[in-house]
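Please work through the following exercises with the sequence and the model at hand. Each task is followed by a solution in steps.

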Amino acid sequence: MKAIRRFTVRPVLPEPLRALGELSRNLRWSWHPETRALLESVDPEAWRATGGDPVRLLGGVPRERLDALAADPDFLRRLDATATALRDYLSQPRWYQRAGGELPAAVAYFSPEFGVTAALPQYSGGLGILAGDHLKAASDLGVPLIGVGLLYRHGYFRQSLSRDGWQQERYPVLDPNELPLTRLEEPDGTPSRIRLALPGGRALYAAIWLAQVGRVPLLLLDSDVDENAPGERDVTDRLYGGGSEHRLLQEMLLGIGGVRAVRTYCRLAGHPAPEVFHTNEGHAGFLGLERIRELTTDSAGLDFDAALESVRAGTVFTTHTPVPAGIDRFDRELVAHHLGEDGELAGIDVERVLALGLESYPGGEPGRFNMAVMGLRLAQRANGVSTLHGEVSRAMFNGLWPGFDPEEVPIDSVTNGVHAPTWVAPEVAALGAREIGAQRAEEALAVGDAPRWDAVAAIPDADVWQLRRVLREQLVTEVRARLRASWRERGAGEAELGWIDGVLDPGVLTIGFARRVPSYKRLTLMLNDRDRLMELLLHPERPVQIVVAGKAHPADDGGKRLIQELVRFADDPRVRHRVVFLPDYGMAMAQKLYTGCDVWLNNPLRPLEACGTSGMKAALNGCLNLSVLDGWWEEWYEPDFGWAIPTADGSHTPEARRDELEATALYDLLAERVTPRFYERGAGGLPDRWIGMVRQTLVHLGPKVLAARMLREYVERLYAPAARSHRALHPPAARELAQWKERVRAAWPQVAVEHVEAGDPAGTARLGAVLGLRVRVRLGELGPDDVEVQAVAGRVDDGDRLTDSRTAGLKPAAGPDADGRWLYEGPLALDRTGPFGYTVRVLPAHRLLASPAELGLMAVPAEGSGEQAGLIMR
């Protein structure tokens with residue numbers, strides 16, 4: 001018979017074991033080896049059966065075993081030491097507390113998904129894993145972060161395969177009581193609730209669940225509560241599920257409801273209120289609207305424009321997508337319906353709200369509400385997630401800043417990193433601890449403030465190679481177990497599966513490829529020439545073996561066909577011992593793949609990989625990268641620790657031809673450079689040159705790819721400046737800035753560069769000569785305090801466009817004259833040889849602007865505005 005309802009009965013731990021509950025509820029156990037070892041010792045068999053989930057473990061341990069542990073002095077000593085270590089970790093000052101300076105009292109970090117641990121399956125791919133690593137790094141560094149997300153009752157789907165290799169999805173129901181969560185409650189014990197108004201007098205309610213990620217609270221909103229009607233209960237049913245209206249409601253709950261959840265948590269826990277709000281991708285962009293609503297209704301009494309300036313000052317927006325198709329966009333009428341007078345944010349002019357997200361720029365669709373566009377307009381500071389992705393983002397969103405060159409668009413970049421304590425194999429960490437001591441090794445991974453890990457150079461080659469062998473053997477064991485389970489799920493009988501015992505070889509070069517399966521990541525590029533691939537797989541002296549994993553979006557039949565194509569190839573009896581597809585890619589599987597592979601393969605269509613952190617996790621374990629120069633690899637690649645796959649991007653090569661060219665380059669690299677290096681042996685019988693590359697990877701790449709490095713950059717370059725701006729934009733200053741912007745926008749049509757003169761540099765344009773610039777500008781109703789007049793100079797290309805330019809400010813020398821014109825003067829040094837040119841421009845200027853491009857306004861010389869205006873010297 002089937003139960004009509006299920007719930008979890010939580011155990012009552014004996015008093016001596018109460019600290020076990022404390023340890024299991026703080027997700028630090030997911031990256032702290034000593035805590036995991038203690039929890040595993042409670043019941044090793046149950047630990048394995050639950051996939052290393054302490055909440056489920058403790059829920060199933062027999063009473064007799066708990067009583068035995070409560071009477072075991074050795075276990076109690078370990079328990080006390082581990083619990084004391086956790087309390088010290090939570091209370092003692094860390095990097096942030098020692099950093100000094102005007103740092104924010106707290107930062108609220110919003111993301112649609114968080115991949116903290118497999119025991120809390122609230123993630124689908126890289127965005128969520130990055131968000132989880134962001135929280136864990138914040139905890140290690142002591143950054144006072146509050147995470148905000150949604151609690152999906154089905155999480156992301158579980159993946160299996162049909163007999164013919166077609167992806168199957170299933171959505172197990174998650175019970176919050178079986179997860180490492182605590183429900184947020186009011187002082188009287190009633191559950192805390194968030195409420196959003198919906199059209200037609202309806203409401204959307206949500207409970208708040210708390211996951212404690214080390215020092216960082218993660219708030220997850222759950223719409224599956226009794227107060228909601230059936231439709232509203234399903235708002236948080238699935239990650240990235242449902243139609244347009246469903247997604248809109250999810251994003252309203254995440255952004256608007258998330259701010260209300262933060263206010264509730266801070267009130268109940270006494271946590272400092274955030275001074276900075278970080279929007280991790282556009283899904284949470286509505287948080288800015290809620291904060292505007294707060295400021296227009298509280299005691300500050302700001303109008304919309306002043307509230308907007310205040311909100312922008314303390315907001316950071318991170319974009320993760322390199323293509324417009326990856327951004328959530330809604331019909332303007334749908335947004336107006338839910339945010340107008342009959343819905344949420346009543347009292348705020350819905351047209352003002354819509355203006356923040358509409359694609360009202362050349363090339364946009366004016367009827368579409370774009371979440372990334374709103375994110376950028378609501379944030380004074382924005383960034384991409386690698387240097388190359390920053391460039392791509394500035395070009396992609398250039399239309400929001402008309403007249404400015406892409407390099408001047410105010411979108412910075414902070415290259416992603418990964419949380420080393422989560423992704424480094426215990427064996428790797430132990431080897432580091434042996435060399436420099438456990439405490440220093442832990443600090444190197446968690447704080448990561450060293451530019452190099454030179455201690456790795458002292459590890460003997462034999463130890464490095466033995467470590468790689470052990471990790472490869474562990475991967476082979478894991479792959480065989482997962483492959484057997486997959487084939488049984490596909491309908492195979494045990495008698496058919498004897499061949500699995502020979503799948504993969506611990507002595508063979510092992511390549512890993514695991515990620516989501518959109519078309520641009522090119523899962524099947526390796527199959528472009530199957531005969532050539534088979535030669536590599538079955539080479540008699542230098543064979544390779546490949547482990548592949550990945551999920552396609554449930555609605556992406558194209559991605560599912562790619563998986564099926566790969567699976568059918570891997571099912572071929574000729575190669576099935578050398579190439580494997582593992583279904584249900586997730587954190588638990590990833591931790592084995594990253595550590596056990598020798599080479600990590602990444603072959604996206606450049607430049608469509610924003611960052612791509614899987615190769616970073618592999619590198620931390622001594623795995624070498626073989627990748628297209630995209631994302632982070634374009635930034636940090638060196639031949640000493642990996643290989644770059646040549647690409648045919650930037651040309652008009654047809655897609656099929658491009659795939660053919662790049663696949664051939666991949667095969668050539670494997671055959672001519674990668675496999676010979678792996679199998680080549682030196683005088684001592686070891687692959688000396690391969691080991692040298694592993695060592696260089698750890699010494700040079702290791703410190704760069706850390707989430708700790710990433711988070712320190714966020715603090716120093718984005719959070720701290722945003723906090724200073726937030727404090728500077730107190731209500732009177734916010735009103736002043738809003739009124740100034742309104743005045744400048746109204747007056748800007750009268751601003752013009754009317755005449756440019758350049759003094760003769762002694763009759764010749766030689767390196768080191770100086771031009772004396774005299775520029776007459778009309779400012780209309782504005783004055784010199786409202787603008788900056790700049791000379792922009794640099795090299796010129798064949799179309800007379802300035803490249804590699806720099807700016808120099810000019811000073812007012814006289815004015816206004818009878819016609820309201822001002823004279824500006826200044827020197828312009830000819831500081832480089834070759835084709836050289838300059839122009840001048842007028843920009844708005846105010847002490848509270850974060851960027852001169854912030855208003856998107858510029859005045860430049862018109863044709864014929866001076867004999868030497870825009871002079872070009874060749």
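The model is predicted: local features need pLDDT of at least 70, side-chain atom pairs count only at pLDDT 80 or more, and totals for chains, interfaces and linings use all residues. Residues are numbered from 1 along each chain as its sequence is written, and side-chain values use heavy atoms, with hydrogens and water left out.

**Exercise 1. Determine where Y152 lies, whether Y152 is buried or exposed, and which residues Y152 touches.**

Step 1. Locate the residue. Y152 belongs to the loop between β2 (145-150) and β3 (158-161); helices (H or I, at least four residues) and strands (E, at least two) are DSSP runs, numbered from the N terminus.

Step 2. Buried means under 20% relative accessible area, exposed over 50%, and partly exposed in between (1.4 Å probe, protein chains only).

Step 3. List the neighbours. Not counting residues up to four places away in sequence, Y152 touches P112, Q122, L174, T236, D237, R238, L239 and Q250, where contact means heavy atoms within 4.5 Å.

Step 4. Look for a polar contact. A polar atom of the Y152 side chain lies 2.6 Å from the backbone oxygen of P112. A polar contact is a pair of N or O atoms within 3.5 Å; within protein, one must be able to donate a hydrogen and the other to accept it, and residues adjacent in sequence count only if both atoms are side-chain atoms.

**Exercise 2. Carry out the corresponding analysis for S386.**

Step 1. S386 is found in the loop between β13 (381-384) and α16 (387-396).

Step 2. With a relative accessible area of 0%, S386 is buried.

Step 3. The S386 side chain reaches the backbone oxygen of A610 at 2.7 Å. A610 is also among the residues that S386 touches beyond four places in sequence, a list including S413, V414, T415 and W632.

**Exercise 3. Which residues of helix α14 are buried, and what do they pack against?**

Step 1. In α14 (residues 350-357), the buried residues are V350, V353, L354, L356 and G357.

Step 2. Because these residues cover an arc of only 150 degrees around the axis, they are on the same side of α14. The arc is that of the directions from the helix axis to the C-beta atoms.

Step 3. Recall the geometry. An α-helix has 3.6 residues a turn, so residues three or four places apart point the same way.

Step 4. The buried residues of α14 pack against α11 (287-297), α12 (304-313), α13 (332-339), β12 (368-370) and α15 (371-377).

Step 5. Examine the helix end. D349 caps the N-terminal end of α14, with a side-chain oxygen 3.0 Å from the backbone nitrogen of E351.

**Exercise 4. Identify the backbone features at L345, D584, P607 and P816.**

Step 1. L345, in the loop between α13 and α14, has a positive phi near 65 degrees in a residue other than glycine. L345 is buried, at 2% relative accessible area.

Step 2. D584, in the loop between β17 and α23 (587-596), is not a glycine either, yet has a positive phi of about 65 degrees. At 15% relative accessibility, D584 counts as buried.

Step 3. R606 and P607 are joined by a cis peptide bond with omega about 5 degrees; P607 is placed in the loop between β18 (599-602) and α24 (614-619).

Step 4. The peptide bond from G815 to P816 is cis, with omega near -5 degrees. P816 lies in the loop between β24 (802-814) and β25 (821-829).
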